[in-house]
Amino acid sequence: MIARHLLISGRVQGVGFRHWLERAAREAGVSGWVRNRAGGEVEAVLAGDPTAVARLVARCRGGPPGADVAALAEAPAEMPTGDGFRRLPSL
C-alpha cells in the first residue's frame with residue numbers, strides 16, 4: 001500500500017473534477033479524498049495498491065472532459081484515515 005498527495009492546477013474547478021476523481025478512485029479500489037482549494041487547485045490523497053494509484057495519478061494528468069490540467073505536483077503522503085474515497089469541503 002502506498003499513498004500519494006496530489007496538487008492539480010489549471011482549469012480544474014467547475015468542470016466536475018472532484019466528482020470524476022471520486023468515481024474513478026472507487027472504480028480502481030483506491031481510497032483517500034479530494035477537495036477544491038481557494039487558489040483554484042484540486043488537492044487529493046490517493047492510497048492503495050501501487051499499480052492502481054499510479055494509474056489513477058496518470059489519469060489525473062488529463063482529468064475529465066472540460067478540464068485543462070496545467071500541472072500536477074505529486075509527493076508521498078500519510079495514509080488517509082477512514083474507508084473508501086470521499087470529497088472533503090473546500091479549503
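Modeller: Read along the sequence, the chain follows the pattern β-α-β-β-α-β-β, where helices (H or I, at least four residues) and strands (E, at least two) are DSSP runs numbered from the N terminus. Its radius of gyration is 12 Å, close to the 12 Å of the globule rule for 91 residues, so the chain is as compact as a globular protein of that length. That radius is taken over C-alpha atoms, and the rule is 2.2 Å times the number of residues to the power 0.38.

The model is predicted: local features need pLDDT of at least 70, side-chain atom pairs count only at pLDDT 80 or more, and totals for chains, interfaces and linings use all residues. Residues are numbered from 1 along each chain as its sequence is written, and side-chain values use heavy atoms, with hydrogens and water left out.

For "active site", an unreviewed UniProt entry lists R18 and N36. The two span 19 residues in sequence, yet no two of their C-alpha atoms are more than 7.7 Å apart, so they gather at one spot. UniProt positions are given in the numbering used here, feature names are shortened, and annotations may be inferred rather than shown by experiment.

R18 lies in helix 1, whose residues are 17–28. With a relative accessible area of 25%, R18 is partly exposed; that class lies between buried, under 20%, and exposed, over 50% (1.4 Å probe, protein chains only). Leaving aside neighbours within four places in sequence, R18 is in contact (heavy atoms within 4.5 Å) with V34, R35, N36, R87, L88 and S90.

N36 itself is found in strand 2, residues 31–36. Its relative accessible area is 12%, so N36 is buried. Beyond its neighbours within four places in sequence, N36 is in contact with Q13, R18, E41, V42, S90 and L91.

E22 is buried, with a relative accessible area of 11%. Neighbours within four places in sequence aside, the contacts of E22 are F85, R86 and R87.

C60 is buried, with a relative accessible area of 0%. Its contacts, apart from neighbours within four places in sequence, are L6, I8, F17, W20, L21, V69 and L72. C60 and L21 are 39 residues apart in sequence and 7.7 Å apart in space, C-alpha to C-alpha.

These local views may be set against the whole chain. Among contacts between residues at least 6 apart in sequence, 78% join residues at least 24 apart. Of the 91 residues, 40% count as buried. The C-alpha trace spans about 30 × 25 × 20 Å along its principal axes.

Finally, the unreviewed UniProt entry places the feature "domain: Acylphosphatase-like" at residues 3–89. The end C-alpha atoms of that span lie 20 Å apart, and the span is 26% helix and 39% strand.
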